[in-house]
Amino acid sequence: MTRPPLPVPGSSNVPAPSASRPQWQQAAIAISAFVVGLYVLEFVDMILGNRLDGGGVEPRTLDGLWGVAFAPVLHYGWGHLVANTIPLLVLGFFVMLSGIGRGLAATGIIWLVGGLGVWLTGGSGTLHLGASVLIFGWLTYLITRGLFTRHFGQLALGVVVLFLYGGMLWGVLPSQPGVSWEGHLFGAVGGVVAAWVLASDVRAARAAKQVTQ
């Protein structure tokens, strides 16, 4: 029979913390919390008589520049938010699945590129808001990141996402009045930019490997 190891002087006898949640659970919690926050914000907007809707992107105006920060979390009523909910949950989950930090970095790039693109190119006197800029950005991010990383799993996921949601990409073209195709377009551009930027470490490692061969 073996004896248990004696405690080491000066060391802590507190048991090691349990392992963190699996990555898929972290991703599910993160995107669910974000969507719940959107519903809470829309409820507040309803109470305030839709006063928050004025916080969208108003192209080429100084006040409208603040909309770059706030527009993706604001919606024109419950119908607008409900229509965005499923794509937000599905695409957002897959974006966060590769790591919360990387997913937030991708989202930040999409948020900024999409908002500034709308501010620079949107029609004068228009107001743009809604999470569709993130939806289109996450969509193109998931489709293209495997092309930059040359990671088989990401390539396969990109094909699946393209099959399921690729038809949405027609939304980057001018369509029905009242729909911010500029937000869709520059959100999609932001997704490609995010995929390229966040694959820089993989490209650098691949280049270093080629040099040493």
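Student: What makes H5 and H6 a contact pair, and which residues meet?

Tutor: Contact means heavy atoms within 4.5 Å. In H5, Leu139, Leu142, Ile143, Arg145, Gly146, Leu147 and Thr149 meet Gln154, Leu155, Leu157, Gly158, Val161, Leu162 and Tyr165 of H6. By class, that gives nine nonpolar, four polar and one charged residues (Ala, Val, Leu, Ile, Met, Phe, Trp, Tyr, Cys and Pro are nonpolar, Asp, Glu, Lys and Arg charged, the others, Gly among them, polar). Keep in mind that this is a predicted model, where local features need pLDDT of at least 70, side-chain atom pairs need pLDDT 80 or more, and totals for chains, interfaces and linings use all residues. Residues are numbered from 1 along each chain as its sequence is written, and side-chain values use heavy atoms, without hydrogens and water.

Student: How do you know how H5 runs relative to H6?

Tutor: Check the angle: H5 and H6 pack at about 150°, with their axes 8 Å apart (axes are lines fitted to C-alpha atoms over the stretch in contact, with angles from 0 to 180 degrees between N-to-C directions). The cut-off for roughly antiparallel is over 145 degrees (under 35 is roughly parallel, 65 to 115 roughly perpendicular, the rest oblique), so H5 is roughly antiparallel to H6.

Student: Why is Gln154 called buried?

Tutor: Its relative accessibility is 19%, and buried means under 20% (exposed is over 50%, partly exposed in between, with a 1.4 Å probe and protein chains only), so Gln154 counts as buried. Gln154 sits in helix H6. Leaving out residues up to four places away in sequence, Gln154 touches Leu142, Arg145, Gly146 and Thr149.

Student: And what is the crossing of H3 and H5 called?

Tutor: A left-handed one, meaning the near helix is turned anticlockwise from the far one by less than a right angle (clockwise would be right-handed). The residues in this contact include Leu88 and Leu91 of H3 and Trp138, Tyr141 and Leu142 of H5.

Student: What makes a residue part of a nonpolar core?

Tutor: It has to be a buried Ala, Val, Leu, Ile, Met, Phe, Trp, Tyr or Cys, joined to the others through side-chain atoms within 4.5 Å. The largest core here has 32 residues, and Leu88, Leu91, Trp138, Tyr141, Leu142 and Val161 touch the most other members. At least two residues each come from H1, H3, H4, H5, H6 and H7 (helices are DSSP runs, H or I, of at least four residues, numbered from the N terminus). H5 gives the largest share, eight residues.
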